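Subject: Structure handover

Hello,

The structure we spoke about follows. My notes come after it, so please read them side by side.

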Amino acid sequence: MNGENIVIGRFFEDTDSLLLSLLDNMIWPILAIVILGVLAFVPQTLASASSIQLIFWAGAPLGLLVLAESVTLLSGHFDLSIGAIAGFSAMFTGMVLGNCPSCWNYSDSALLGFVLILVIGLVIGVVNGVMIAKVGLNPFLQTLAFLIILEGAKTAMQTQPVTELPVGYILPGSTALIAIGLVLGAFIAFGVVMKYTRFGQAVYAVGSDANAAREVGINTDRIIIAVYTISGLLSALAGLLITGFIGIVPPLIGENLLFQAFAGAVIGGVSLFGGRGKVTGALGGVILIEIIQTALDNSPAIEATQIQMINGFVLLIAILLYATQERIRERVLARTGRGE
């Protein structure tokens with residue numbers, strides 16, 4: 001009898017572990033279902049290698065924004081200013097390098113452009129981090145304020161497209177292999193960092209319980225500042241790729257990307273409350289969002305004016321999936337006595 005109980009107990013333990021693992025990697029079966037649906041109803045979306053490459057190329061900037069949001073979420077915070085950082089840094093740098101009625105046009109150096117756009121993202125990220133970690137501002141209010149400030153500043157600088165940018169400056173975004181390689185490299189690098197380095201473990205620890213992390217000697221303020229600095233850098237890099245992909249700096253650059261970035265991270269299994277999630281899952285979220293977006297663009301049944309509304313539904317579905325996943329997880333953890 002005791003042997004039977006042990007066997008049954010192990011069976012349920014294995015089942016619970018399998019269920020928890022499935023919840024952590026739910027993005028991949030969802031992605032498989034969506035791909036099958038797209039192949040059935042909008043097959044031209046994935047009809048050729050070039051169309052698949054275009055999906056990844058067009059989604060490269062969003063990939064960097066999802067990665068930026070994922071890192072901040074893992075630390076138990078979030079960043080509402082990522083799209084605004086991408087837009088402002090790209091517009092400011094475009095004003096320095098490009099041509100438009102009121103452009104400054106100080107230089108045509110691509111190297112200066114790379115340095116400038118990344119420094120802008122870095123500085124904004126540091127300011128966000130310091131204001132949250134040292135001054136104690138709420139992350140929502142701080143990053144919302146910067147979202148409004150940066151979008152306002154971008155509009156104040158320029159309301160016309162900035163053109164005639166240096167060829168070398170737009171090269172990373174205008175070349176599919178470079179843009180895709182850059183994003184995949186970033187995901188691989190952060191996947192390794194988050195899983196195998198002390199910094200990555202510290203980010204998870206701060207996201208799980210900041211007080212406990214502080215008690216074991218982790219400098220939580222430094223981690224928070226570092227996370228927002230990374231977010232700023234990745235956002236600026238996204239602005240560079242958007243510029244290269246389009247070939248100009250449009251006045252609305254970087255807008256309407258925030259909620260897609262949130263959706264990509266959440267669908268990818270990154271917890272809204274920090275401390276749980278994988279970078280690889282976030283990559284799956286990016287692919288899912290881009291396939292859906294491209295399928296909507298290709299579908300003759302969907303008007304262009306309806307896409308924004310459908311994007312809202314995608315975000316709502318992501319939130320519902322997240323809530324369902326959390327409820328199932330809590331039940332499993334309560335049953336196994338492994339509450340978080």
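Helix 10 has cover that includes helix 4, helix 9 (176-196), helix 11 (210-215) and helix 12 over its buried residues. Contact here means heavy atoms within 4.5 Å. Helix 10 itself spans residues 198-208, and its buried residues are Gly-200, Ala-202, Val-203, Tyr-204, Val-206 and Gly-207. Buried stands for under 20% relative accessible area, exposed for over 50%, and partly exposed for what falls in between (1.4 Å probe, protein chains only). Helices are DSSP runs (H or I, at least four residues), numbered from the N terminus.

Some ground rules. This is a predicted model, in which local features need pLDDT of at least 70 and side-chain atom pairs count only at pLDDT 80 or more, while totals for chains, interfaces and linings use all residues. Residues are numbered from 1 along each chain as its sequence is written, and side-chain values use heavy atoms, with hydrogens and water left out.

Helix 4 also holds Ser-70. Ser-70 counts as buried, at 1% relative accessibility. Leaving aside residues up to four places away in sequence, Ser-70 touches Ala-265, Val-270 and Ala-282.

Now the pockets. A pocket is found on a 1 Å grid over the protein atoms alone: it is an open set of points where a 1.4 Å probe fits, with protein on both sides within 12 Å along at least five of seven lines. Lining residues have an atom within 4 Å of a point. Grid points are joined across faces, edges and corners, and the volume is the space filled by probe spheres set on the points.

The largest pocket has a volume of about 950 Å³. Its lining counts 31 residues, and Asn-256, Leu-257, Gln-260, Glu-290 and Gln-293 lie nearest the centre. Two or more lining residues come from each of helix 3 (49-58), helix 4 (60-74), helix 12 (220-246), helix 13 (258-267), helix 14 (279-298) and helix 15 (307-336). Helix 14 gives the largest share, 7 residues. By class, the lining of the largest pocket has 17 nonpolar, 11 polar and 3 charged residues. The classes are these: Ala, Val, Leu, Ile, Met, Phe, Trp, Tyr, Cys and Pro are nonpolar, Asp, Glu, Lys and Arg are charged, and the others, Gly among them, are polar.

The second largest pocket holds about 370 Å³ of space. It is lined by 16 residues, with Val-34, Ile-292, Leu-296, Val-314 and Ile-317 closest to its centre. Helix 2 (27-41), helix 14 and helix 15 each give two or more residues to this lining. The largest share, 5 residues, is from helix 15. The lining of the second largest pocket divides into 15 nonpolar, 1 polar and no charged residues.

Next, the salt bridges. The whole structure has 4 (a side-chain nitrogen of Lys or Arg within 4 Å of a carboxyl oxygen of Asp or Glu).

- Asp-24 pairs with Arg-329, with the closest N and O atoms 2.3 Å apart. Asp-24 lies in helix 1 (residues 2-24) and Arg-329 in helix 15, so this pair ties together parts 305 residues apart in sequence. Asp-24 is partly exposed at 29% relative accessibility, whereas Arg-329 is buried at 4%.
- Glu-255 and Lys-154 meet at 3.0 Å, N to O. Glu-255 sits in the loop between helix 12 and helix 13 and Lys-154 in helix 7 (residues 139-157), so parts 101 residues apart in sequence are tied together. Glu-255 is partly exposed, at 23%. Lys-154 is buried, at 2%.
- Glu-326 pairs with Arg-276, and their closest N and O atoms are 2.3 Å apart. Glu-326 is in helix 15 and Arg-276 in the loop between helix 13 and helix 14, so the pair links parts 50 residues apart in sequence. Both Glu-326 and Arg-276 are buried.

Last, the cysteines. The count comes to 1 disulfide (a pair of cysteine sulfur atoms within 2.5 Å). The partners are Cys-100 and Cys-103, with sulfur atoms 2.0 Å apart. The torsion about their S-S bond is about 110 degrees, so the disulfide is right-handed. Cys-100 is buried, with a relative accessible area of 10%. Cys-103 is buried too, at 15% relative accessibility.

Best wishes
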